[in-house]
Amino acid sequence: MTWLETSVGGNSLARWMLAAGVVLVTCAALLLVRRTVRRRASRLLVAEASAGQLVAALAGSTRLLPILLLSTYAGLLTLDVAPNFGRIAKAGAVIGLLAQSAVWGNEAIGFWVARYRRDRLATDSASVTTLGAIGLLARVAMWSIIVLLILDNVGIRVTAIVAGLGIGGIAVALAAQSVLADLFASLAIVMDKPFLVGDFIVVGDRMGVVENVGLKTTRIRSLSGEQLIFSNTDILQSRLQNYQRMEERRVLFLVDVTYETPAEQLEDIPRLLRESVERQDGTRFDRAHLARFASSAVQFEVVYFVLDPDYNRYMDIHEQINFEIFRRFAERRIDFAYPTTTVRLVPPAAMAGAR
């Protein structure tokens with residue numbers, strides 16, 4: 001019997017040496033992988049540089065304690081140990097792996113929040129606040145699951161805890177129903193993006209420029225200067241008109257002329273209206289027609305498009321079109337109509353003759 005066959009704790013010295021070798025090799029291999037990935041992550045993933053940065057961050061956040069626990073458990077697998085001790089070692093390794101997974105998840109959430117904030121800060125600064133809340137909720141949910149899994153691995157029955165948390169969650173949700181509704185509406189606004197900060201929107205009969213999208217409210221600066229504050233739930237339940245998404249503006253307007261206008265001039269008016277529109281830069285003419293015979297005027301309907309969504313630009317163009325129409329009608333002595341009432345007086349003798 002050689003000294004390597006000497007039994008210590010129910011295992012020979014050779015098996016203890018093998019276990020120590022497994023621990024050292026496993027630990028060294030994991031540390032080498034962590035170091036290599038952290039140094040070369042930017043070249044491991046060629047799809048996006050940011051993905052390499054995330055892998056490098058995850059490698060950098062890998063802790064030594066989980067590596068030691070996993071290496072120790074790998075070494076114990078080569079030994080004959082008491083069942084209770086084996087279960088404790090396995091639970092320790094699993095807990096270490098779960099804790100490391102929580103650290104990785106926390107790092108990934110932080111990386112995603114930072115990247116989104118960097119990309120959106122210039123164009124959608126208000127969503128940064130809501131994004132912080134999303135990150136916090138994601139971390140709370142992740143850590144809650146990790147803690148429950150750890151408790152389950154140490155032998156604690158989590159069924160009662162989960163049931164208690166469920167009842168408590170229902171109570172909190174009922175107590176803060178409106179707040180939670182606004183919070184989820186805020187998340188919906190950030191994710192779905194029906195509007196962004198700086199957009200000009202109409203909500204019901206109110207309109208203005210979006211200034212801020214918060215966790216509970218959205219704030220809009222009206223045209224008259226005051227700030228309008230809507231709850232996020234109310235603003236999503238309303239019919240929204242987002243003029244910022246407009247690519248071009250359709251304009252329809254009426255021109256009324258008198259019934260005394262000769263037929264030849266009536267036939268020429270659509271051409272005059274078309275030329276008045278087409279003389280303006282940034283417009284696309286659609287149509288001009290004699291639309292109807294109104295009670296006190298012959299009505300022409302004109303439709304054209306302004307190729308710029310800016311409202312001030314539209315008003316400038318429409319003003320020039322009006323000037324042009326007024327000037328052309330004056331040159332041809334075409335009279336604009338206005339609401340009038342004509343009273344015809346019939347002499348009594350003419351009425352008697354009619355009978």
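This tour moves through the structure stop by stop, stating what to select and what is found there.

**Before starting**

The model is predicted: local features need pLDDT of at least 70, side-chain atom pairs count only at pLDDT 80 or more, and totals for chains, interfaces and linings use all residues. Residues are numbered from 1 along each chain as its sequence is written, and side-chain values use heavy atoms, with hydrogens and water left out.

**The whole protein**

Display the protein as a cartoon. Its secondary structure comes to eleven helices and ten strands; helices (H or I, at least four residues) and strands (E, at least two) are DSSP runs, numbered from the N terminus. Of the 355 residues, 31% are buried, where buried means under 20% relative accessible area, exposed over 50%, and partly exposed in between (1.4 Å probe, protein chains only). Among contacts between residues at least 6 apart in sequence, 62% join residues at least 24 apart; contact means heavy atoms within 4.5 Å.

Asp256 has Gln299 of strand 10 as its bridge partner.

**The nonpolar cores**

Next, show the side chains of Phe253, Val257, Ile269, Leu273, Phe300, Tyr304 and Phe329. Of the 22 residues in the largest nonpolar core, these touch the most other members. Strand 8, helix 9, strand 9, strand 10 and helix 10 each supply at least two residues of this core. A nonpolar core is a set of buried Ala, Val, Leu, Ile, Met, Phe, Trp, Tyr and Cys residues joined through side-chain atoms within 4.5 Å.

Centre on Val257. Beyond its neighbours within four places in sequence, the contacts of Val257 include Leu266, Ile269, Phe300, Phe329 and Phe336.

A second, separate core has ten residues, among them Ile189, Val203, Val210 and Ile235. From Val203, move to Asp234: the two are 31 residues apart in sequence and 9.5 Å apart in space, C-alpha to C-alpha. Asp234 lies in helix 8 (residues 232–237) and, at 44% relative accessibility, counts as partly exposed.

**Aromatic pairs**

Select the aromatic rings. Rings of Phe, Tyr and Trp (its six-membered ring) pair if their centres lie within 6.5 Å; planes under 30 degrees apart count as stacked, over 60 as edge-to-face and the rest as tilted. By this rule there are six aromatic pairs.

Tyr259 and Phe293 have ring centres 6.3 Å apart and planes at 20°, so the pair is stacked. Tyr259 lies in the loop between strand 8 and helix 9 and Phe293 in strand 9, so the pair ties together parts that are 34 residues apart in sequence. Tyr259, at 41% relative accessibility, counts as partly exposed, and Phe293, at 60%, counts as exposed.

Phe329 and Phe336 form another stacked pair, 5.0 Å centre to centre with 25° between the planes. Phe329 counts as buried at 1% relative accessibility, whereas Phe336 counts as partly exposed at 31%. Ring pairs link Phe326, Phe329 and Phe336 into a cluster.

**Last selections**

Select Phe285 in strand 9. At 16% relative accessibility, Phe285 counts as buried. Phe285 and Tyr304 are 19 residues apart in sequence, yet 4.4 Å apart in space, C-alpha to C-alpha.

Finally, select Arg333 in the loop between helix 10 and helix 11 (348–354). Its phi is near 55°, a positive value in a residue other than glycine. Arg333 counts as exposed, at 72% relative accessibility.

Definitions and conventions. Two strands pair if DSSP finds at least two bridges between them.
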